[in-house]
Amino acid sequence: MEAITELTTLQVGNKIHAPKLKKDFILADYKYDETFKEMIANLAPIDKIDNGFTIRFSDLIKLEYLVY
């Protein structure tokens with residue numbers, strides 16, 4: 001696993017680990033958002049028990065999410 005930084009290339013289907021939540025997600029899709037003026041990502045749960053969520057790429061970096 002590697003920490004997500006400004007230089008990390010993410011693709012749909014990448015597995016993302018949220019260390020503070022202690023959960024894993026899959027990058028379902030991403031797009032540029034005019035409201036936030038940056039890229040946002042939709043993360044889907046790996047197990048169907050949890051809910052997915054939308055997060056800004058800058059927050060993925062700040063919250064020290066990992067990709068593997």
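Reader: Which residue in β6 is the bridge partner of H17?
Author: L66 is the partner of H17 in β6. Strands here are DSSP runs of E with at least two residues, and helices are runs of H or I with at least four, numbered from the N terminus. This is a predicted model, where local features need pLDDT of at least 70, side-chain atom pairs need 80 or more, and totals for chains, interfaces and linings use all residues. Residues are numbered from 1 along each chain as its sequence is written, and side-chain values use heavy atoms, without hydrogens and water.

Reader: How many bridges join β2 to β6?
Author: Two, and the strands run antiparallel. Strands pair if DSSP finds at least two bridges between them.

Reader: And what is the partner of H17 in β3?
Author: D24. Strands β2 (residues 15-18) and β3 (residues 23-33) run antiparallel, joined by four bridges.

Reader: What sits between those two strands in the hairpin?
Author: Four residues. K22 takes a positive phi there, near 55 degrees.

Reader: Where do side chains point in a strand?
Author: In a regular strand they alternate between the two faces of the sheet.

Reader: New topic. How many salt bridges does the whole structure have?
Author: Five. A salt bridge is a side-chain nitrogen of Lys or Arg within 4 Å of a carboxyl oxygen of Asp or Glu.

Reader: Which residue does R56 pair with at 3.9 Å?
Author: E38, going by the closest N and O atoms. R56 lies in β5 (residues 53-56) and E38 in β4 (residues 38-45), so the pair ties together parts 18 residues apart in sequence.

Reader: Which residue meets R56 at 3.2 Å, N to O?
Author: D59, in another salt bridge between side chains. Salt bridges with shared partners join E38, R56, D59 and K62 into one network.

Reader: Is D59 buried or exposed?
Author: D59 counts as buried, because its relative accessibility is 19%. Buried means under 20% relative accessible area, exposed over 50%, and partly exposed in between (1.4 Å probe, protein chains only). R56 is at 27%, so R56 counts as partly exposed.

Reader: What about K37 and E34, buried or exposed?
Author: Both are exposed. Their side chains meet in a salt bridge at 3.1 Å, N to O.

Reader: What does the T8 side chain reach?
Author: The backbone nitrogen of T5, at 2.8 Å.

Reader: Which residues does T8 touch?
Author: E2, A3 and V67, leaving out residues up to four places away in sequence. Contact means heavy atoms within 4.5 Å.

Reader: And which does Q11 touch?
Author: L27 and Y30, again leaving out residues up to four places away in sequence. Q11 lies in the loop between β1 and β2.

Reader: How far is Q11 from D29?
Author: They are 8.1 Å apart in space, C-alpha to C-alpha, and 18 residues apart in sequence.

Reader: Last one. What makes the nonpolar surface patch?
Author: M1, I46 and Y68, with about 330 Å². Patch residues have over 30% relative accessible area and no salt bridge; like charges are joined within 9 Å, nonpolar side chains (Val, Leu, Ile, Met, Phe, Trp, Tyr) within 5 Å. Areas come from the Shrake-Rupley method with a 1.4 Å probe, and for residues only the protein chains shown count as cover. Y68 is found in the segment after β6 (66-67) and is partly exposed, at 41%.

Methods. A polar contact is a pair of N or O atoms within 3.5 Å; within protein, one must be able to donate a hydrogen and the other to accept it, and residues adjacent in sequence count only if both atoms are side-chain atoms.
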